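This report describes a ligand shell and a pocket in one protein model. The sequence and structure come next.

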Amino acid sequence: MNKVLITGGTGLVGSMVKGDIKLGSKDADLRDFNQVKAIFEKYKPTKVVHLAARVGGVGGNIKAKGEFYFDNIMINTNILEACRIYNVEKTLSFLSTCIFPDNVEYPLTEDKIHLGAPHLSNYGYAYAKRMLDVQSYVYNDQYDMNCISVIPTNIFGPNDNFNIENGHVIPSLIHKCYLAKQNNTPFIVWGSGKPLREFIYSEDIGKLTNWALENYNSVDPIILSTSHEVSIKFVVGLIVNAFNFKGDVIFDTSLPEGQFRKPADNSKLKSYLPNFKFTSIEEGILKTVKWFIKNYQTARK
Ligand code: NAP
Ligand code: GDP
């Protein structure tokens, strides 16, 4: 019988993925191999969806490159090694389009991960995550393990980290717009608003992850993307409308601008799931803003 263990099961993505055991950091610190082994001995999973990571937006990544490197390289190394020791049948790991080279021909495709240095803003996170791809390949090669990986773009939705300093752009902006409306203060956006991103709603990521765990069996990663780029300014407009915010919106170019764009090619995904219906960014933002207002007291922020 299958027993699916989800690491990072309490997070943004973890709350949308199907599994029998959902772990959070209170269950074990996955940077510690002894704690990881104890978890595998206790639950004896047959499949592992590995989501746990030190995750942050451009602000968090710029400030704590060492921590992002250490936490992620330890967590990933430990989880795949435990999957090997405890004979887990299949592992599904999460990479990110943030880990691609900064200077590379667009669009990003699955074969370009290692073709150059990542953007300096997320150097620690990116190199640690790239090693997860390397570890998947070499464990597949030497031990014949079924290690698969997905590469999502910028994910958002309920249960996100809405922290203003460390969160990703959509949850941070939702939190800031909420406070600006409450306090009658300007809504401050980092940078010019010109950078472009591809956003994907967490519920869609949940469905695609469940599909990949059942159906995708190659060690070559697969990009999970809408391939629909929007500017940060456009996203700001959607958030302002969702809150019916009437105050000033300020684009502060002294604050981090991040990478200009990282468009990702979803052709491989489309070849498997030509009819997959993505949630529109308009609908996703409306749902997330509603969720944040309703859960303001308990939301991660
Ligand atoms: P998240 O909401 O921040 O959740 C992170 C999860 O990891 C939480 O369950 C957290 O546990 C757990 N965790 C963190 N450090 C841990 C540790 N030392 N030991 C045990 N558990 C630990 O992140 P997410 O956005 O769902 O991300 C899931 C995966 O998708 C990650 O691998 C991330 O790199 C990848 N990804 C995310 C995005 C995005 O835009 N969010 C984009 C591309 C890829 P607690 O909450 O209980 O502390
Ligand atoms: P990235 O997609 O990995 O670069 O990470 P983010 O989700 O943090 O998005 C960063 C982009 O959003 C940059 O272009 C920032 O200038 C822009 N941005 C605008 N306001 C904010 C904000 O309040 N927080 C964050 N994290 N980014 C912001």
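How much space lies in the second largest pocket? About 160 Å³ lies there, a volume being the space filled by probe spheres set on grid points joined across faces, edges and corners. A pocket is an open set of points on a 1 Å grid over the protein atoms alone, where a 1.4 Å probe fits, with protein on both sides within 12 Å along at least five of seven lines; lining residues have an atom within 4 Å of a point.

This is a predicted model, in which local features need pLDDT of at least 70, side-chain atom pairs count only at pLDDT 80 or more, and totals for chains, interfaces and linings use all residues. Residues are numbered from 1 along each chain as its sequence is written, and side-chain values use heavy atoms, with hydrogens and water left out.

The lining of the second largest pocket includes Asn2, Asp20, Lys47 and Glu214. Its largest share, 4 residues, comes from α6, and both β3 (47-50) and α6 (202-215) supply at least two. Helices (H or I, at least four residues) and strands (E, at least two) are DSSP runs.

Ligand 1 is surrounded by 28 residues, the closest being Thr10, Ser25, Tyr125, Lys129 and Arg300; a residue is near if one of its heavy atoms lies within 4 Å.

| Residue | Ligand 1 atom | Distance |
|---|---|---|
| Gly8 | oxygen | 3.4 Å |
| Leu12 | oxygen | 2.8 Å |
| Ala28 | nitrogen | 3.4 Å |

Note on methods:
Chains are lettered from A and ligands numbered from 1 in the order in which they are written. A polar contact is a pair of N or O atoms within 3.5 Å; within protein, one must be able to donate a hydrogen and the other to accept it, and residues adjacent in sequence count only if both atoms are side-chain atoms.
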